[in-house]
Amino acid sequence: MQSFSLIQPDDWHLHLRDGDALAAPVPASARQFARAIVMPNLKPPVTAVAEALAYRARILEAVPVGSSFEPLMTLYLTESTPVSEVARVAAEPSVHAFKLYPAGATTHSEAGVARIDRIFPVLEAMAYHRVPLLVHGEVVDSEVDIFDRETVFIDTQLAPLVLRFPGLPIVLEHITTEQAVAFVRSAPPNVAATITAHHLLYNRNAMLAGGIRPHYYCLPVLKREQHRRALVAAATSGDEKFFLGTDSAPHGISQKEKFCGCAGCFTAHAAIEFYASVFEAAGRLDKLEAFASLNGPKFYRLPVNSSRIRLVKSDWRIPGQYPFADEAVVPLMAGESLGWRFDGPEA
Ligand code: NCD
Ligand code: ZN
């Protein structure tokens, strides 16, 4: 196949940052995606509808003229999120979900939830209003090995939560293990998962073998090959529980290449091409549209996009850096060649 078109995709998990740092990530996502679920882990976090609407307005200012990119906003759950905020979210068409960060799990998660039972009343209200709960599924216990943190979270936190709140729509974000795939597959239909491009493309050797590569460090951390294969099988299966979420999370070079570097991979610059390469290698390009453009809207009860985009088979070299705030960000696959190229909207 030399080229193909698909319904314009959406990104169901994205970090756009704020202030000067918005200027590069927003156009990168708006180029390919019609909509994106925007993560609320700013400093300070976006915890109320009014803050989300103000953040949305700042994002829209960074959207290039002529693009109709729509940021779908989320709120950051804290132990002091008032139950009344849930009804406000349910009534606000621009705000779509709450994000649960276990306190200390990842970048800017200090304000997150240390004890999940403290937010049960909020979760009750979310189940009632059918407002989705987006979950960073890792325990933070220092006794638990970092490669096991997702699996331990599923067993000790998520499985009981799914039983306790049967009507609550839940997205286990950026899954990385065969255990997460199996859990989501066997869970009821209100439980789904996003999968990133980097977890489909790479195992942990990409980050650690032959030298340490900080631009491949993200959370949850890359896992063994057997897990990558399970993710590819899930994403390319057509199962509507799995959909595209890049978790594109830019950090300036100075924050990545340092004594204690930040977690996050910038992937928005070539997101749909990364996914197309994975689906092609699996012989399942025919399933890309379900994963990228159909399953997400179905879960979020939003219309499928009417626009289409085209991808062409053509080698291009990914730049070594892109501008980011007052410095630069090193994108995933910096300086490497990619076999698919996003060719823009279909005429
Ligand atoms: C994200 C970030 O930098 O905001 N980092 C990451 O490694 N994915 C936070 C997150 O989603 O965990
Ligand atoms: Zn994220």
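**Aromatic contacts, helix packing and backbone features**

Q: How far from the centre of the ring of Phe 147 does the charged end of Arg 204 sit?
A: This is a predicted model in which local features need pLDDT of at least 70 and side-chain atom pairs pLDDT 80 or more, whereas totals for chains, interfaces and linings use all residues. Residues are numbered from 1 along each chain as its sequence is written, chains are lettered from A and ligands numbered from 1 in the order in which they are written, and side-chain values use heavy atoms, without hydrogens and water. A charge sits over a ring if NZ of Lys or CZ of Arg is within 6 Å of the ring centre and within 35 degrees of the ring normal. For Arg 204 over Phe 147, the distance from the ring centre is 4.4 Å.

Q: Which arrangement do the rings of Phe 120 and Phe 165 adopt?
A: The whole structure holds 12 aromatic pairs (ring centres of Phe, Tyr or Trp, its six-membered ring, within 6.5 Å; planes under 30 degrees apart are stacked, over 60 edge-to-face, the rest tilted). The centres of Phe 120 and Phe 165 lie 5.5 Å apart with 65° between the planes, which makes the pair edge-to-face.

Q: How many residues apart in the chain are Phe 120 and Phe 165?
A: Phe 120 belongs to helix α4 (residues 120-129), and Phe 165 to the loop between α5 and β7 (DSSP runs numbered from the N terminus; helices are H or I with at least four residues, strands E with at least two). The pair thus links distant parts of the chain, and its members are separated by 45 residues.

Q: Within what arc do the buried residues of α3 fall?
A: In α3 (residues 84-91), Glu 85, Val 86 and Val 89 are buried (under 20% relative accessible area with a 1.4 Å probe, protein chains only; exposed is over 50%, partly exposed in between). They line one face of the helix because, seen down its axis, the directions to their C-beta atoms fall within an arc of 105°.

Q: Is Ala 325 buried or partly exposed?
A: Most residues other than glycine have a negative phi. Ala 325, in the loop between β11 (322-324) and β12 (327-329), has a positive phi of about 50°. Because its relative accessible area is 42%, Ala 325 is partly exposed.
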